[in-house]
Amino acid sequence: GRVITGGVIAPQASSMFERQQALQAQQDWLRTMLLSDPRGSVNAAVNLVTPPISPEADFGMIVIESDNYPAMSGSNLICTVTVVLESGMVPMQTPVTVLCVDTPAGLVRVRAQCEGGKCRRVEFQNVPSFVMHQRKPVEVQGLGTILVDVAYGGMIYAIVDATALGFSLDRSEARALAETGERIRLAAAVQLPSVHPENPGIHTINITMFAGPLGMVDGVKTAKNAVVVSPGRLDRSPCGTGSSARMALMHARGDLSKGEPFTHLSVLGTQFNCRIDELTQVCGQAAVVPNISG
């Protein structure tokens, strides 16, 4: 995750979502310059630090990926908080710096563990996350009919059972996961319309998660996952918004309770420590407030 610390004037707007939309419409050269060859690739993301719009926030963040502008990204938030603190853009407090970040998805509360001028760990309370579809059939080219769950965690995820599709989530499967995940995303986006009830500008499934089986490691519920980011790469982190979406689905299924720890692993074995902090509602729909640490 690359972080822009200067040189870009953010558009005027009344909300971070409106600012993101204006940036995409008026200054998309930023994405193409920084994420196209030779300066970037599909493996990179860019994060723009802006002044906050909400008076509660310490700074604003807009995430730019190779072909879209997601409303939130957990791993990119961790990158951005680290840079903002270590560069002195926001004063660092030890042992914990408490922050509020203004994102297009909403306000995200952060606790950053700091020591010796370095940000060692970032814990954030994400935006309310919820299930949009459960176990819906989707016709996918080359796969036939598969069952898909859809959940929102700052991005809208198509979540599929990795084992049912023949994947063990070993890193050697990376190319097949990316190719299959993109086919699933494209089919699910058409067949399962998904719109955020509070912000209709956040719509359409834009990412696929292959969810590995849930087990117990040292008494903590643990699972692996592989997230395919368009136009076809695996997230090398366990994915913060994906972990949020998966916890919303797990809670809806009765697999995870409020406050219960959950460890989410990536294909590389990197780890996020997760839990549900609160139960809430979004426009009358059951939702959870996720907590992610990494």
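A: Two residues are in contact when they have heavy atoms within 4.5 Å. On that basis, among contacts in the protein chain between residues at least 6 apart in sequence, 60% join residues at least 24 apart. The model is predicted.

Some overall figures give the setting. The protein chain has five helices and 16 strands. Its radius of gyration is 18 Å, which agrees with the value near 19 Å that a compact globule of 294 residues would have. The C-alpha trace spans about 50 × 45 × 40 Å along its principal axes. Of the 294 residues, 53% are buried. The chain exposes about 12600 Å², and carbon and sulfur atoms supply 50% of that area.

In soluble globular proteins, nonpolar side chains tend to be buried together. Here the largest nonpolar core has 77 residues, and those with the most contacts inside it are Phe59, Val81, Val110, Tyr157 and Phe210. A second, separate core of eleven residues includes Ile4, Leu23, Leu35 and Tyr69.

Not counting residues up to four places away in sequence, Val110 touches Leu77, Val81, Thr97, Val98, Leu99, Val101, Val122, Glu123 and Phe124. One of these, Val81, is also among the residues with the most contacts inside the largest core.

Ser244 lies in helix α5, residues 240–253. Its relative accessible area is 0%, so Ser244 is buried. Apart from residues up to four places away in sequence, Ser244 touches Asn126, Ser129, Gly153, Pro290 and Ile292.

Glu182 is in helix α4, which covers residues 174–191. The cut-off for buried is under 20% relative accessible area. Glu182 has 12%, and therefore counts as buried. Leaving aside neighbours within four places in sequence, Glu182 is in contact with Val228, Ser230, Pro231 and Gly232. Pro231 is 49 residues from Glu182 along the chain, yet the C-alpha atoms of the two are separated by 7.2 Å.

Methods. Residues are numbered from 1 along each chain as its sequence is written. This is a predicted model: local features need pLDDT of at least 70, side-chain atom pairs count only at pLDDT 80 or more; totals for chains, interfaces and linings use all residues. Side-chain values use heavy atoms; hydrogens and water are left out. Helices (H or I, at least four residues) and strands (E, at least two) are DSSP runs, numbered from the N terminus. The radius of gyration is taken over C-alpha atoms; the globule rule is 2.2 Å times the number of residues to the power 0.38. Buried means under 20% relative accessible area, exposed over 50%, partly exposed in between (1.4 Å probe, protein chains only). Accessible areas come from the Shrake-Rupley method with a 1.4 Å probe; for residues, only the protein chains shown count as cover. A nonpolar core is a set of buried Ala, Val, Leu, Ile, Met, Phe, Trp, Tyr and Cys residues joined through side-chain atoms within 4.5 Å.
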